[in-house]
Amino acid sequence: MEARSDLLLARGTNGILNMKEAAENFRALLDFKAAFGNDKPVALEIGCGKGGFVCELAKRRPAYNYLALEKMSNVILTPLEDVFAQGLENIRFLNIRAECLPCYIPENSLDEIYLNFSTPLPKLGYATQRLTHRNFLEVYKKLLKTGGRILQKTDDRDFFEFSLEEYRACGFALADVSYDLHENGNPAWNIVTEYEQKWVERGLPIHRVVASKP
Ligand SMILES: C[S@@+](CC[C@H](N)C(=O)[O-])C[C@H]1O[C@@H](n2cnc3c(N)ncnc32)[C@H](O)[C@@H]1O
């Protein structure tokens, strides 16, 4: 991290759970042009974990810039080191909770949001903490440009059905709904994440949806 501290754009306080309050009390909106040194469109991955997905995506699609968000500071060290070692110029990291997104991301600024195997959390009692709860979706809607997309993958059927309902309730248009992404083997365009690899090896079906802001 010392070698390329510019890769880490923000380190937030843990424990801020009220998004509206967080945004009102603390604002440090990022200037993407300054952060990346260019005007390329920006995609955000929420909960990047060890970062294999975002690194591969950044290599395959250099026309985009990528923000990788992860709340666990010990976990985010791995992708930071990988990005530095591989010399990837189009990734920056946010070591913050998703609840703090409105503090850092300007409205109408994102082209895509990736939710890969977000922690499913049982619906009973934890619904509002699910990253596809309508409270989060309303925030994502503000941060996405018109026509911007959320691309979600999960192995958890209950979480998937919940997410589809929440997208519809918030006015997102759904496309490419799949209950078994790997039915005929991994599609060439699909980048398999660390968690996805685990579930596929155990024979679990992977669910995927693309939800667009109208
Ligand atoms: C199940 S792991 C999936 C990791 C990776 N996306 C993958 O597919 O291999 C979920 C990740 O999301 C992170 N996470 C969970 N809730 C979060 C939140 N509210 N804000 C930021 N990151 C979060 C966790 O720390 C964890 O690294």
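Predicted model: local features only at pLDDT ≥ 70, side-chain atom pairs only at ≥ 80, totals over all residues.

Select the eight strands, which form an open sheet of mixed pairing in the order S1-S4-S3-S2-S5-S6-S8-S7. Strand S1 (8-11) and strand S7 (173-178) stand at the edges; each has a single partner strand, so one side of each is left without a neighbour in the sheet. On average, neighbouring strands of this sheet are turned by 15° against each other, direction ignored.

**Strand S2.** Next, select residues 42-46, which make up strand S2, together with residues 65-69, which make up strand S3. The two strands run parallel and are joined by five bridges. Val42 stands opposite Asn65 in S3. In a regular strand, side chains alternate between the two faces of the sheet. Show the side chains of S2: Val42, Leu44 and Ile46 point one way, whereas Ala43 and Glu45 point the other way. Is S2 mostly covered or exposed? S2 is mostly covered, with five of its five residues buried.

Select residues 52-60, helix H3, which lies across S2, S3, strand S4 (91-95) and strand S5 (110-116). Helix H3 runs at about 175° to S3. Then select residues 73-86, helix H4, which lies across S1, S3 and S4 and runs at about 170° to S4.

**The nonpolar core.** In soluble globular proteins, nonpolar side chains tend to be buried together. The largest nonpolar core here has 46 residues. Select Leu44, Val54, Tyr66, Ala68, Leu69, Leu110 and Ile113, the residues with the most contacts inside this core. Which helix or strand gives the most to this core? H3 does, with five residues. Centre the view on Val54: leaving aside residues up to four places away in sequence, Val54 touches Glu45, Cys48, Tyr66, Ala68, Pro79 and Ile91.

Conventions:
Residues numbered from 1 in each chain as written. Pairing = 2+ DSSP bridges. Helix = DSSP H or I, 4+ residues; strand = E, 2+ residues; numbered from the N terminus. Axes fitted to C-alpha atoms, helices over the stretch in contact; angles between N-to-C directions. Contact = placed C-beta atoms within 7 Å. Core = buried A, V, L, I, M, F, W, Y, C linked by C-beta atoms within 7 Å. Buried ≥ 20, exposed ≤ 12 C-beta atoms within 10 Å, placed from the backbone.
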